[in-house]
Amino acid sequence: MAIINFVRDYERVAKFQLGRYVGLKGPGVVFIVPIIQSMMKVDMREIFFDVPPQTNITKDNANVDVDFVVYMRVVDPEKTVLEVVNFVGAARQLAMTTLRAVIGDMNLDDVLSRREEINQGMQTKLDEVTNRWGVKVTAVEIREIQPPPAIQEAMTRQMSAERTRRAQITESEGQRDAEINVAEGNKRAAILRAEGEKQAAILEAEGHRQAQILEAEGFANALQQIYETARGVDANTMGLQYLDMMRELATKENSTWIVPLDFTRIAASVQEQLGAASSDGGGDRN
């Protein structure tokens, strides 16, 4: 053993004198007196080891092969040197037995679907034991879980059936949505068509009402004009209009005369009016 030893930053040295532990040294230069003193280096870096596939029996008696990786680092070199001979080998054996215990408490479906929970459970159980060795288990990662061939075949059939079921559900939902969209479109079209017909009927009725109003207003204006004109017509003009009408009727062929009872009174009134007009005319001439 060299007298002068160089200890790196990631290393520590457990120093013994006459076989008795005297403390940790490093990093830096560590002097060792031959024969009287000795030392043991401890690597403080994180290390890992993998566990080859192990056959485990689940709670429902299914065989599964599991392989995984364990990550750990030394946190207390004194315990690592004094409490365990080979902490890596001890941790490997502990990991295999811990895996059997964890898998044995779970059903096959849980083992296949709850991988993260298995990792966490194994890390906790391993760390409880390795803590007394001055070693911290930082992670446990399962790489592969291999069920028996018969179970794999059943899982494949189940997965295929599940995909078929999902495809049928998706297809039926798509058909349902399409029918809903078509029905909604037909409903909206019917509503718009009915709304259009209603508006057309309203417009037609409004036009008819306006036409009637205009026609009534025109008739009222005509009556008003007749009334205004009739107010300025004297009795002579009315008598002459009456006689002119009688003359026009007499000129028509196949005319049947119906003489009203008061015809003589009308004729006398006309004659009187005409005589009065002649008298007024003669007086003017004198």
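Colleague: What should I know before I start?

Modeller: It's a predicted model, where local features need pLDDT of at least 70 and side-chain atom pairs count only at pLDDT 80 or more, while totals for chains, interfaces and linings use all residues. Residues are numbered from 1 along each chain as its sequence is written, and side-chain values use heavy atoms, with hydrogens and water left out.

Colleague: Thanks. How many helices and strands are in the chain?

Modeller: The chain has 7 helices and 8 strands. Those are DSSP runs, numbered from the N terminus: helices are H or I with at least four residues, strands are E with at least two.

Colleague: And how much of the chain is buried?

Modeller: Of the 286 residues, 22% are buried. Buried means under 20% relative accessible area, exposed means over 50%, and partly exposed is in between (1.4 Å probe, protein chains only).

Colleague: Switching to salt bridges. How many are there?

Modeller: The count is 15. The rule asks for a side-chain nitrogen of Lys or Arg within 4 Å of a carboxyl oxygen of Asp or Glu.

Colleague: Which residue does Lys41 pair with?

Modeller: Lys41 pairs with Glu11, and their closest N and O atoms are 3.9 Å apart. That pair links distant parts of the chain, since Lys41 is in strand E5 (residues 37-43) and Glu11 is in strand E2 (residues 11-17), 30 residues apart.

Colleague: Are those two buried or exposed?

Modeller: Lys41 is partly exposed at 39% relative accessibility, whereas Glu11 is buried at 10%. Arg8 comes into it too: Arg8, Glu11 and Lys41 are linked in a network of salt bridges.

Colleague: Which residues of H4 are buried?

Modeller: They are Ile118, Asn119, Met122, Gln123, Leu126, Asp127 and Thr130. They sit on the same side of H4 because they cover an arc of only 155° around the axis, going by the directions from the helix axis to the C-beta atoms.

Colleague: What do they pack against?

Modeller: Strand E7 (63-74), helix H2 (87-104), helix H3 (108-113) and strand E8 (135-146). In general for the chain, 64% of contacts between residues at least 6 apart in sequence join residues at least 24 apart, a contact being heavy atoms within 4.5 Å.

Colleague: Last topic: which residues make the nonpolar surface patch?

Modeller: Ile3, Ile4, Phe6, Val29 and Phe31 make a patch of about 540 Å². Patch residues have over 30% relative accessible area and no salt bridge; like charges are joined within 9 Å, nonpolar side chains (Val, Leu, Ile, Met, Phe, Trp, Tyr) within 5 Å. Strands E1 (4-7) and E4 (28-31) each give two or more residues to the nonpolar patch.

Colleague: And Phe6, buried or exposed?

Modeller: Phe6, in strand E1, is exposed at 62% relative accessibility.

Methods. Areas by Shrake-Rupley, 256 points an atom, 1.4 Å probe, with all protein chains shown as cover.
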